[in-house]
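Please read the following walk through a single protein chain alongside its model. The text goes from the overall layout to individual elements and residues.

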Amino acid sequence: GVNYAEGKLSATAIEGHFNCPYANFLQRGVKLLEREELDIRANDLGTMVHEVGETFIDKVDWNCSLEQAKALAESIFSQISEKQEYKRYQQSEGGKSAFELIKKESVRFFFFLFEATSHSQLKPKYLEVYFGGKKYPPIKVDTRKGQMAITGKVDRIDSDGENMAVIDYKTGKVEKSKTDLNLYTGRKLQLFLYAKAFNGKL
């Protein structure tokens, strides 16, 4: 089975179980890794996009032009892609081609992010925020095995001082789904758990 820390469970693990118990077991129980011969490993891709996003949000002037925002995103991606952990991918033709596609998609993503955020009263306030500690406590739930503490890490929280929006970045395709059904079956719990964890605490 999957051995979780005693009394603790992440929001991601809960959602993973309800989506596919077998895949969740292979990932968190057996701890299977991506095959090394792939041009770019999925977790490295996700880490890179998150890093570009954090830096972009930290440096961007929300009053600048769309062209300036796009140029900033391109510059940040180029700087981050030079890091040793990503540079090795550019040693093959396949890796170079993949990097160009990732750059194009990353810049396009943060370009739209900027356009949407610049017209909203909610602005990015917290990045990579963890709940489950003293500052932001975990969500406590009673189970057949006793009380469990649900923990997690939110990619971004936007706020205007009174209201908030919880944002979780995803790489790959995100399918449109029936929100109520997926919430009821446990397949899409993350954002709801994140919102509950930070509601009234920011």
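Predicted model: local features only at pLDDT ≥ 70, side-chain atom pairs only at ≥ 80, totals over all residues.

Residues are numbered from 1 along each chain as its sequence is written, and side-chain values use heavy atoms, with hydrogens and water left out.

The chain holds 8 helices and 5 strands. Helices here are DSSP runs of H or I with at least four residues, strands are runs of E with at least two, and both are numbered from the N terminus. In sequence order the elements follow the pattern β-α-α-α-α-α-α-β-β-β-β-α-α. Of the 202 residues, 34% count as buried; buried means under 20% relative accessible area, exposed over 50%, and partly exposed in between, with a 1.4 Å probe and protein chains only. Among contacts between residues at least 6 apart in sequence, 67% join residues at least 24 apart, where contact means heavy atoms within 4.5 Å.

Two packed helices are described by the angle between their axes and the distance between the axes. Helix α4 (residues 66-81) packs on helix α6 (residues 93-118) at an angle of about 140 degrees, and the axes are 9 Å apart. The axes are lines fitted to C-alpha atoms, for helices over the stretch in contact, and the angles run from 0 to 180 degrees between N-to-C directions. The pair α4 and α6 is therefore oblique, since angles under 35 degrees count as roughly parallel, over 145 as roughly antiparallel, 65 to 115 as roughly perpendicular and the rest as oblique. On the α4 side the contact includes Leu 66, Ala 69, Ala 73 and Phe 77, and on the α6 side it includes Phe 99, Ile 102, Val 107, Phe 110 and Phe 114. The residues of this contact divide into 10 nonpolar, 3 polar and 4 charged. In that count Ala, Val, Leu, Ile, Met, Phe, Trp, Tyr, Cys and Pro are nonpolar, Asp, Glu, Lys and Arg are charged, and the others, Gly among them, are polar.

Further along α6 lies Thr 117. Is Thr 117 buried or exposed? Thr 117 has a relative accessible area of 5%, so Thr 117 is buried. Leaving aside residues up to four places away in sequence, Thr 117 touches Trp 62, Leu 122, Lys 123, Pro 124 and Arg 156.

Pro 124 also has a C-alpha atom 8.8 Å from that of Asp 58, although the two residues are 66 apart along the chain. Asp 58 belongs to helix α3 (residues 42-59) and, because its relative accessibility is 64%, counts as exposed.

The strands come next. Strand β3 (residues 139-143) runs antiparallel to β4 and is joined to β4 by 5 bridges; two strands pair if DSSP finds at least two bridges between them. Asp 142 has Gln 147 in β4 as its bridge partner, and 2 residues lie between β3 and β4 in their hairpin. Strand β4 (residues 146-159) also pairs with strand β5 (residues 164-167), in the antiparallel sense over 4 bridges. Here Asp 158 stands opposite Ala 165. The hairpin of β4 and β5 has 4 residues between the strands, and Gly 161 in the turn has a positive phi of about 105 degrees.

Most residues other than glycine have a negative phi. Glu 128, in strand β2 (residues 123-131), has a positive phi near 50 degrees. With a relative accessible area of 23%, Glu 128 is partly exposed.
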